[in-house]
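Colleague: I have not seen this one before. Could you walk me through it?

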Amino acid sequence: MIHDDTLVDAFTTFVEDAEPRLRHALCAAFGREAGRDATAHALAYAWEHWDRIREMENPVGYLWGVGRNQARRDRARGFRRRARPVAFPERPSDVLPWVEPMLPEALGRLSDKQRVVVMLVCGLEWTHGEVAAFLGVSRSTVQTQLERGMARLRRTLGAER
């Protein structure tokens, strides 16, 4: 398949903007390794179908679904056992703020939907509108998943109000 420089430049610009958001959401849902694999798959799909993808109203949201479906297929085929979905980066402790040691395990107990919403809203400071647009759901769905996820985290961590 031959593409002109304009299409390549447009795709490159798209990937620079979309890849971090897509990777963060997929890693929150499926763990670091599976999330990165799903991101790579989704972006490869985007390249193969760029003529159609670039015309979509919410191409990143569509690719979220492509990556999510790939990660689910991989999990079903046994390529990976469900890993702890959240793994904090390994950096010196003076660089990162203190984090509750039980937080990764508690996040792993949330549903995929709750974990993604909690990580995007609370961890990455996305707005409810950004998450809703990205996931292709309503703002009220985002709010409901956030409330349920945070309540479950509080119960799991013994930090109920």
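This is a predicted model: local features need pLDDT of at least 70, side-chain atom pairs count only at pLDDT 80 or more; totals for chains, interfaces and linings use all residues.

Colleague: Is Val 116 buried or exposed?

Modeller: Val 116 is buried, because its relative accessibility is 2% and the cut-off for buried is under 20%.

Colleague: What does Val 116 touch, leaving out residues up to four places away in sequence?

Modeller: Val 116 touches Ala 25, Ala 28, Ala 29, Trp 64 and Leu 135.

Colleague: Back up a bit. How many helices and strands does the chain have?

Modeller: There are eight helices and zero strands. Along the sequence, the pattern reads α-α-α-α-α-α-α-α.

Colleague: And how much of the chain counts as buried?

Modeller: The figure is 36% of the 161 residues. As for contacts with a separation of 6 or more, 64% of them join residues 24 or more positions apart.

Colleague: Which residues have the most contacts inside the largest nonpolar core?

Modeller: Leu 22, Leu 63, Trp 64, Val 131 and Phe 134 do, in a core of 39 residues. The elements that give two or more residues to this core are helix 1 (5–30), helix 2 (32–48), helix 3 (50–53), helix 4 (59–76), helix 5 (103–108), helix 6, helix 7 (128–135) and helix 8 (139–157).

Colleague: Which helix gives the most to this core?

Modeller: Helix 1 does, with ten residues.

Colleague: Take Leu 63 from that list. What does Leu 63 touch, again without residues up to four places away?

Modeller: Leu 63 touches Phe 14, Leu 22, Ala 42, Leu 43, Tyr 45, Ala 46 and Ile 53.

Colleague: Now the rings. How many aromatic pairs does the structure hold?

Modeller: Seven aromatic pairs. One of them is Phe 11 with Trp 50, whose ring centres are 5.0 Å apart.

Colleague: Why is the pair of Phe 11 and Trp 50 edge-to-face?

Modeller: The planes of the two rings stand at 80 degrees, so the pair is edge-to-face, the cut-off for that class being over 60. This pair links distant parts of the chain, with Phe 11 in helix 1 and Trp 50 in helix 3, 39 residues apart. Both Phe 11 and Trp 50 are buried.

Colleague: What about Trp 126 and Phe 134?

Modeller: Trp 126 and Phe 134 form an edge-to-face pair, with 5.3 Å centre to centre and 85 degrees between the planes. Trp 126 is buried, and Phe 134 is buried too.

Colleague: Which residues form one aromatic cluster?

Modeller: Phe 11, Phe 14, Trp 47 and Trp 50.

Colleague: Different topic. At what angle do helix 6 and helix 8 pack?

Modeller: About 95 degrees, with the axes 8 Å apart. That angle makes helix 6 roughly perpendicular to helix 8.

Colleague: Which residues meet there?

Modeller: From helix 6, the residues are Lys 113, Gln 114, Val 117, Val 118, Val 121 and Cys 122. From helix 8, they are Val 142, Gln 145, Leu 146, Arg 148, Gly 149, Met 150, Arg 152 and Leu 153. By class, the contact has eight nonpolar, three polar and three charged residues.

Colleague: Gln 114 is in there. Is Gln 114 buried or exposed?

Modeller: Gln 114 counts as buried, because its relative accessibility is 11%. Apart from neighbours within four places in sequence, Gln 114 is in contact with Gln 145, Arg 148, Gly 149 and Arg 152.

Colleague: Let's do the loops. Where does Asn 58 lie?

Modeller: Asn 58 lies in the loop between helix 3 and helix 4. At 29% relative accessibility, Asn 58 is partly exposed. Setting aside neighbours within four places in sequence, Asn 58 is in contact with Ala 133 and Phe 134. From Asn 58 to Gly 136 the C-alpha distance is 8.3 Å, and the two are 78 residues apart in sequence.

Colleague: And where is Glu 125 found?

Modeller: Glu 125 is in the loop between helix 6 and helix 7. Glu 125 counts as exposed, at 68% relative accessibility.

Colleague: What is the phi of Glu 125?

Modeller: Glu 125 has a positive phi of about 60 degrees, although Glu 125 is not a glycine. Most residues other than glycine have a negative phi.

Definitions and conventions:
Residues are numbered from 1 along each chain as its sequence is written. Side-chain values use heavy atoms; hydrogens and water are left out. Buried means under 20% relative accessible area, exposed over 50%, partly exposed in between (1.4 Å probe, protein chains only). Contact means heavy atoms within 4.5 Å. A nonpolar core is a set of buried Ala, Val, Leu, Ile, Met, Phe, Trp, Tyr and Cys residues joined through side-chain atoms within 4.5 Å. Helices (H or I, at least four residues) and strands (E, at least two) are DSSP runs, numbered from the N terminus. Rings of Phe, Tyr and Trp (its six-membered ring) pair if their centres lie within 6.5 Å; planes under 30 degrees apart count as stacked, over 60 as edge-to-face and the rest as tilted. Axes are lines fitted to C-alpha atoms, for helices over the stretch in contact, and angles run from 0 to 180 degrees between N-to-C directions. Angles under 35 degrees count as roughly parallel, over 145 as roughly antiparallel, 65 to 115 as roughly perpendicular and the rest as oblique. Ala, Val, Leu, Ile, Met, Phe, Trp, Tyr, Cys and Pro count as nonpolar, Asp, Glu, Lys and Arg as charged, and the others, Gly among them, as polar.
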